[in-house]
Amino acid sequence: MGPVRGNKKRRKTENNNNNVSASADSSDKEVIVVDWWGDLSIKINGHRKSPPKISRKTFEYICSLVKDDISTKSAHFTFTNGKPMSLFDQVAVSLRRLGTGDSLVTIGDSFGLSHSTVSQVTWRFVISMEERALHHLQWPSTQEEMNTIKSKFEKIQGFPNCCGAIDVTHITLCLPASEHSSNVWLDHKKNHSMVLQAIVDPDMKFRDIVTGWPGKMKDWSIFESSNFNKLCNKGERLNGKKLKISEVSEIREYIIGDSGYPLLPYLVVPYQEKELLESEQKAKFNKLHLETRMVAQRALARLKEMWRIIHGNMWRPDKHRLPRIILVCCLLHNIVIDMQDEVKDELLCLYRHNHDSGYSQLICEGVEEKGVAMRESLSHYLNGRLHP
């Protein structure tokens, strides 16, 4: 279901008690619509002096996704004054929790709710979004969609037939040392963390994610165990038409990643530092490669900035629920992009490229011969474009 559009539909929503101002005169309805959204967006934003995280249009669309799951049980949740929570109320509370990472007590005080109600409402929202919004995070299903992605990647720095950029970020956790499983989550920086691996398109939209693994897992281990990699090995992913770039060379579909990944026929990584001494061509390739894969770094930085529940140290999270929360944050990230949300553009200047502060680059030595040939062909092609 798409976003609610038009005054008639908006008024119908208001008459169904989906806003906080239903008691006013009908002549003031348009003013009321603006007022309720203005007040609610401030609460969602956590009273911070920054642009709203999402627009009203996007908020209404998210409400339409979860309406069937949430409205049927709304009577179970009430404010401390006894007033039942509406659909809008419950979605606003959930977005505040995911968007700011504020404590349950802080959010409860802001909305007039108990901290347990904030927790239950947010979790019900997460469960609903997992099912209702999953279509916003999918690998391209049509050749037309994939061609658009390839074209946009090529416009960045010339990489032909590229289908995605891959990167990993750590979501750090605050776990008590006494917890039985705490050492499992210790990463190489001695932080407790969970990893998120994402494959991103040129619009910073997530196309494939893997999460739930402890932060000590190496990037290449996560990728090698992923369903995406297994599909590639079976010839069921990145199996589209090859692109002929010269009389003797053709390029298959592939994604690009940093040196934490192996060099494979369908995963192109930069040349290692020791190889750059051999030729200026390889150094130029690495520069173009970095500028192209920056889209993945920007996407992960934006994810953490907008949905701050996964930014910084999460206080003693339920590690069984956390992967589902991360997934929903990724879904919300994509929804803002799919809705062409005007708020997105106002926030772009705030996003840092460093989404994994304190984590240094790990180097994977894995190399497949076909991957070497693939990278050499790309390098020659790109340098030929620079020097025709």
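**Figure 1. Overview of the predicted protein chain.** The model is predicted, so that local features need pLDDT of at least 70 and side-chain atom pairs count only at pLDDT 80 or more, whereas totals for chains, interfaces and linings use all residues. Residues are numbered from 1 along each chain as its sequence is written, and side-chain values use heavy atoms, with hydrogens and water left out. The chain contains 14 helices and 8 strands; helices (H or I, at least four residues) and strands (E, at least two) are DSSP runs, numbered from the N terminus. Of its 388 residues, 53% count as buried, where buried means under 20% relative accessible area, exposed over 50% and partly exposed in between (1.4 Å probe, protein chains only). The accessible surface of the chain comes to about 18,500 Å², with 49% belonging to carbon and sulfur atoms; areas come from the Shrake-Rupley method with a 1.4 Å probe, and for residues only the protein chains shown count as cover. Among contacts with a separation of 6 or more, 70% join residues 24 or more positions apart, a contact being heavy atoms within 4.5 Å.

**Figure 2. Crossing of helices α11 and α12.** Axes are lines fitted to C-alpha atoms, for helices over the stretch in contact, and angles run from 0 to 180 degrees between N-to-C directions. Ala299, Arg302, Leu303 and Met306 of α11 meet Cys329, Cys330, His333, Val336 and Ile337 of α12. By class, this contact has 7 nonpolar, 1 polar and 1 charged residues, with Ala, Val, Leu, Ile, Met, Phe, Trp, Tyr, Cys and Pro counted as nonpolar, Asp, Glu, Lys and Arg as charged, and the others, Gly among them, as polar.

**Figure 3. Packing of helices α4 and α6.** Helix α4 (residues 87-100) packs on helix α6 (residues 115-132) at an angle of about 90°, with the axes 9 Å apart. This makes α4 roughly perpendicular to α6. From α4, the contact draws on Gln90, Val91, Val93, Ser94, Leu95, Arg97 and Leu98, and from α6 on Val118, Val121, Thr122 and Phe125. The contact comprises 7 nonpolar, 3 polar and 1 charged residues.

**Figure 4. Aromatic pairs.** The whole structure holds 7 aromatic pairs. Rings of Phe, Tyr and Trp (its six-membered ring) pair if their centres lie within 6.5 Å; planes under 30 degrees apart count as stacked, over 60 as edge-to-face and the rest as tilted. The ring centres of Phe59 and Phe88 are 5.2 Å apart and the planes lie at 80°, so this pair is edge-to-face. Phe59 belongs to helix α3 (residues 56-71) and Phe88 to helix α4, 29 residues apart, and both are buried. Trp139 and Phe228 are likewise edge-to-face, because their ring centres are 5.1 Å apart and their planes at 70°. Trp139 lies in the loop between α6 and α7 (143-157) and Phe228 in helix α9 (residues 227-233), so the pair ties together parts 89 residues apart in sequence. Trp139 is buried at 14% relative accessibility, and Phe228 is buried at 1%. Ring pairs link Trp139, Phe223, Phe228 and Tyr261 into a cluster.

**Figure 5. Surroundings of Thr58.** Thr58 lies in helix α3 and is buried, at 1% relative accessibility. Beyond its neighbours within four places in sequence, Thr58 is in contact with Ile335, Met339 and Asp341.

Definitions and conventions:
Angles under 35 degrees count as roughly parallel, over 145 as roughly antiparallel, 65 to 115 as roughly perpendicular and the rest as oblique.
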